[in-house]
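Hi,

Here is the structure I promised to pass on. Have a look at it first, and then read my notes below.

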Amino acid sequence: MDAPAVRVKRTENTGLGLFADRAILKGKFIIEYTGSLIKTTYADTLTTRYLFDLENGWTIDGSAYDNIARYINHSCKPNAAASLKNGHIYIYAEKNISPGTEITMDYGEEYFKEFIKPHGCRCRPCAKVEAV
């Protein structure tokens, strides 16, 4: 897999985010979500939000700073998605992504209900709706 064409920088609404340095075509690999493999039962006791459930009793703890994929923010209209292959989480473009565009994913219903909904969604599409 190619080296990621991404960088971390400040977003308008959500702190830090991951942005495309060059054009990324739909279907192309962006980055791997990496970290320590831990039991999901243990992960459920942690307060970190950088957990990625593998749905097989295992979770990736992506809180290490060298995992820059952890800076991919939630969006209700994402441009990327995760694909699980052989215990690895690969992030692919769901649509063409222009240079300078923030890379976003839908974190899923459970995460949304627990962490995002109580404070209001601050993703770009939702922030635009609230501003109107």
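A polar atom of the N79 side chain lies 2.9 Å from the backbone oxygen of E102. The N79 side chain also reaches the backbone nitrogen of T104, at 2.9 Å. Please keep in mind that this is a predicted model, where local features need pLDDT of at least 70 and side-chain atom pairs count only at pLDDT 80 or more, while totals for chains, interfaces and linings use all residues. Residues are numbered from 1 along each chain as its sequence is written, and side-chain values use heavy atoms, with hydrogens and water left out.

Where does N79 sit? It is in the loop between β7 (73-74) and β8 (80-85); strands here are DSSP runs of E, at least two residues long, numbered from the N terminus. N79 is buried, with a relative accessible area of 7% (buried means under 20%, with a 1.4 Å probe and protein chains only). Leaving aside residues up to four places away in sequence, N79 touches Y92, A93, E94, K95, I97, T101, E102, I103 and T104 (contact means heavy atoms within 4.5 Å).

There is also a sheet to look at. Three strands form an open sheet in the order β4-β6-β5, with antiparallel pairing (two strands pair if DSSP finds at least two bridges between them). Its edge strands, β4 (36-39) and β5 (51-53), each pair on one side only. Three bridges join β5 to β6 (residues 58-61), and these two strands run antiparallel. On β6, T59 is the bridge partner of D53.

Best wishes

Definitions and conventions. Helix = DSSP H or I, 4+ residues; strand = E, 2+ residues; numbered from the N terminus. Buried < 20%, exposed > 50% of the residue type's maximum accessible area, 1.4 Å probe, protein only. Polar contact = N/O pair within 3.5 Å; in protein donor to acceptor, adjacent residues only side chain to side chain.
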